[in-house]
Amino acid sequence: MDLTFNLLLIVHLAAFGLAISTTIAAPLIGKRMASAPPEARPLLGSIGKRLSVNARIAFGLLLITGIAMVYVRYGGFEGQGVWFFIKMGLVAVVLIAMIIGIVAKPGTISPAVMGWITRLAMAGIVISAVMAFNG
C-alpha cells in the first residue's frame with residue numbers, strides 16, 4: 001500500500017509542477033503575443049494552446065491521483081475533516097470554471113473574471129489543504 005501511495009504521490013507532485021509551470025508561462029506567452037510581430041503570433045498561439053491542454057491534463061491528474069491517494073491511505077472519505085471537504089468544494093469550483101471555459105463560446109465570458117474565479121478557488125484550495133493538514 002505504501003508503494004502505491006508513493007507512486008500516486010510522485011505523479012500528483014509532477015502534475016502539480018506541470019500546473020505551476022503552465023500558470024507561470026501562459027500569461028508570459030499572452031503578453032509576448034500582444035507585442036509580437038504578426039509572423040510570430042501563430043507560433044505563440046500554438047504554444048498557448050499547448051499550455052492550455054497541459055493545464056487540463058495536470059488538473060485531471062491532480063484530481064485522479066488525489067482521490068486515489070485518499071482511498072489508498074484511508075479507504076474512503078469517511079473521517080475526513082471539514083477543511084478537506086471545503087478543499088474538495090473549491091476543487092469542484094475550479095473544475096466547473098474549466099468546463100465552462102471549454103464549452104462557452106469565445107468572448108462570452110470575460111477571461112479576467114474566469115481568471116479571478118480560478119485564482120481565488122486555487123488560493124482557497126491551498127489554504128484548505130494547509131488547514132486540513134494542520135487540523
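**Reading the chain**

Tutor: Let us begin with confidence, since this is a predicted model. The mean pLDDT of the chain is 84, and 96% of its residues reach 70 or more.

Student: Where in the chain is confidence lowest, and where is it highest?

Tutor: The lowest mean, 74, belongs to helix α4 (residues 111-134), whereas helix α2 (residues 41-74) has the highest, at 89.

Student: How many helices and strands does the secondary structure comprise?

Tutor: There are four helices and zero strands, giving the pattern α-α-α-α along the sequence. The C-alpha trace spans about 55 × 30 × 25 Å along its principal axes.

Student: How does the span of α2 relate to the expected value?

Tutor: From first C-alpha to last, the 34 residues of α2 reach 49 Å, close to the 50 Å expected at 1.5 Å a residue. Just after α2, Gly75 takes a positive phi of about 80 degrees.

Student: Which residues of α2 are buried?

Tutor: An α-helix has 3.6 residues a turn, so residues three or four places apart point the same way. In α2 the buried residues include Leu51, Asn54, Ala58, Leu62, Thr65 and Met69. Among the elements that cover the buried residues of α2 are α1 (2-35) and α3 (82-103).

Student: What share of the whole chain counts as buried?

Tutor: Of its 135 residues, 21% count as buried. The chain exposes about 9100 Å², of which carbon and sulfur atoms supply 75%.

Note on methods
Residues are numbered from 1 along each chain as its sequence is written. This is a predicted model: local features need pLDDT of at least 70, side-chain atom pairs count only at pLDDT 80 or more; totals for chains, interfaces and linings use all residues. Side-chain values use heavy atoms; hydrogens and water are left out. pLDDT is the predictor's confidence in each residue, from 0 to 100. Helices (H or I, at least four residues) and strands (E, at least two) are DSSP runs, numbered from the N terminus. The expected span of a helix is 1.5 Å times one less than its number of residues. Buried means under 20% relative accessible area, exposed over 50%, partly exposed in between (1.4 Å probe, protein chains only). Contact means heavy atoms within 4.5 Å. Accessible areas come from the Shrake-Rupley method with a 1.4 Å probe; for residues, only the protein chains shown count as cover.
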